Every structure is written in C-alpha cells, then in structure tokens.
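Hi there,

Here is the structure I promised to pass on to you. Have a look at it first, and my notes on what turned up follow below.

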Amino acid sequence: MNLFPAMKVLPCLFLLLAVSCQKKTQALPPVTVVTEQRAEPDWRKHALLTYEVVKEFPHDPTAFSQGLLMSQGQWVESTGGNGATSIRRVEKDTGRVLLKKDLANDFFGEGVAELNGKLYQLTWQNQQGFVYDAKTLQWQKNFAYQGEGWGLTTDGKSLIMSNGSERLRFLDPTTFRVQREVTVRREGKPVTQLNELEFIEGEIFANVWHSEEILRINPADGTVVGVIDLTGIDAASPRRDPEFVLNGIAYDADKRELFVTGKCWPKIYQIRLVEKK
Ligand SMILES: [Ca+2]
C-alpha cells in the first residue's frame, strides 16, 4: 500500500479546511441595501380633490385633443376629427409643432400611449390602431381591436384602453391580445364614457366625456378611489363649441408634474392637486 499520495493530499486538505474555517469566522462586510423610497404624493390622502393652476402653456386651438402625454420634455398629442386627425410632437413651452403625421380622412384619431420607444395611437370607430417610432413618428405597423377606441395609456407593461363604456381593457403591447378587463365603479355604480387616460403613481386617471371631473381609478379592480373637480379651469377661454370639453391628461413622472387640457382649448394647464373642502 502506497501511502505517499495520501500523505501529499492530506496537508492540502487540512489547508483547505483551515481556509474555509477561517472564511466562516471572518466578519461579513456590512451590507448596504439601497432602496429608493418614492414618497407618496400628498394628494393620495384625499378622495376629493380640486386644483390650483401652477402654469399655463400654449395649445393649438384647432387641435381636437383625444390623447396627450409628455415624452422627453415634449407633448405628444393625438387629435381627432375626420380630415383633422394627426399625431404630433410639440415643443412644451412654445406650442410649436416639431413633427406631425396626418392620417387619411377616413381615420378619426383617439388615445395615444408611449411604451418602449413606440407610440400607440387608437382610432375611434375604425378598429385600427397605429404604432410609430416615438422619436421620429415613423409609422411601423397597424394593429386591430374590437369595438371603439377612446383613451389609451400604459402601466409600463400593458396598454390600457377605454372605449366609451365602463370597461377598461388591458392589452399585450406586442400581440394586442386582451389580457384582462376591469369595470370602473364609483360608489359601486359603473361609470361609462371613460375617455382620455393617464397612468399616474400607480393609478389610472380618466377623463369622463362631457364632464369636468377626472376619476382616479385603482387598476387592479376598477374602483374609483378619488375624484378631481376641475370645474371652471378653462372658463376664461372663449367656448366656441359645446364639444370642446376637458380631455387630455399628461404626467411628467420624473418631475411629478400634472397637466390637463381640452379639445381645441388654447391652453394646457399645469395643475397642483389640493383637497376639496
Ligand atoms: Ca394621456
């Protein structure tokens, strides 16, 4: 029996054990867990809110606003009307149109959302939506859906769509399949005519057609958790048409700035939400 190889290996084993034992007894370096706590917005505390105007921005008074969002410091707007439908990028402070794509006369534009470098635009009754490159507005493809298209936003994963009813539909942004739907209920009763949308701090803010209220909706189950009363916000502007109603919510998530406008309103208002007493 030749013990020599074992004799050679044993000291190595002892050495390894010694090292591993030493490692076990060594104090672990302190672990610093960096968690970026995003403070809850103040408005979350109140179910009934109203507004203070922080700043006014120019808005094209011929833009029949059906979808509004903030993208890299610029407005993206989808306008409606047969023969007046467009998607555009607009300079925030001046209202200057930087890029604009007009759609054919038989399309009536509706909501718009930005996700992963693409813009998604709905149409009202065409049952066709469009995908564009978000920076260049270069058209990429069409997509189909059932029923009418009204408002559109995103929670960063799904497209969230209204259709004038009390239902909000969550769509896969790649296949456009319906993932789920929620019924929006205010004090237990379904609310119809849900229009322009914006996903804000984990909630869905929704315009209601012909109303000066914005609803705050829990995306999990459709419950209305709060209401924002915007009565009179554009009262100083000349009202040329009863259809020129509040419609358009945009949010700058980095700066936590909230903006609203309406169809053919001459202004976009940056607002601060305050408790309605
Ligand atoms: Ca919006």
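A word on terms before the pockets: a pocket here is an open set of grid points with protein on both sides within 12 Å along at least five of seven lines, and a residue counts as lining if an atom of that residue is within 4 Å of a point. Please keep in mind that this is a predicted model.

With that in hand, the largest pocket has a volume of about 460 Å³. Its lining is made up of 20 residues, and Met 70, Glu 114, Glu 198, Tyr 251 and Ala 253 are the ones that lie nearest the centre. Two or more lining residues come from each of S2, strand S6 (109-115), strand S10 (152-154), strand S16 (194-200) and strand S20 (246-252). By type, the lining splits into 9 nonpolar, 5 polar and 6 charged residues.

The second largest pocket holds about 290 Å³ of space. Of its 13 lining residues, Trp 43, Arg 256, Ile 271, Arg 272 and Leu 273 lie nearest the centre. Strand S21 (257-262) and strand S22 (267-275) each supply at least two lining residues, with the largest share, 4 residues, coming from S22. Here the lining has 8 nonpolar, 1 polar and 4 charged residues.

S2 also belongs to an open, antiparallel sheet of 4 strands, in the order S2-S3-S4-S5. Strands S2 (65-71) and S5 (97-102) form the edges, each pairing on one side only, and the twist averages 15° from one strand to the next. Within the sheet, S3 (residues 74-79) and S4 (residues 86-91) pair over 6 bridges; Trp 75 has Val 90 in S4 as its bridge partner.

Best wishes

Methods. Residues numbered from 1 in each chain as written. Predicted model: local features only at pLDDT ≥ 70, side-chain atom pairs only at ≥ 80, totals over all residues. Heavy atoms only, no water. Pairing = 2+ DSSP bridges. Axes fitted to C-alpha atoms, helices over the stretch in contact; angles between N-to-C directions. 1 Å grid on protein atoms, 1.4 Å probe; cavity = no way out; pocket = protein on both sides within 12 Å on 5 of 7 lines; lining within 4 Å. Points joined across faces, edges and corners; volume = space filled by probe spheres on them. Nonpolar A, V, L, I, M, F, W, Y, C, P; charged D, E, K, R; others polar.
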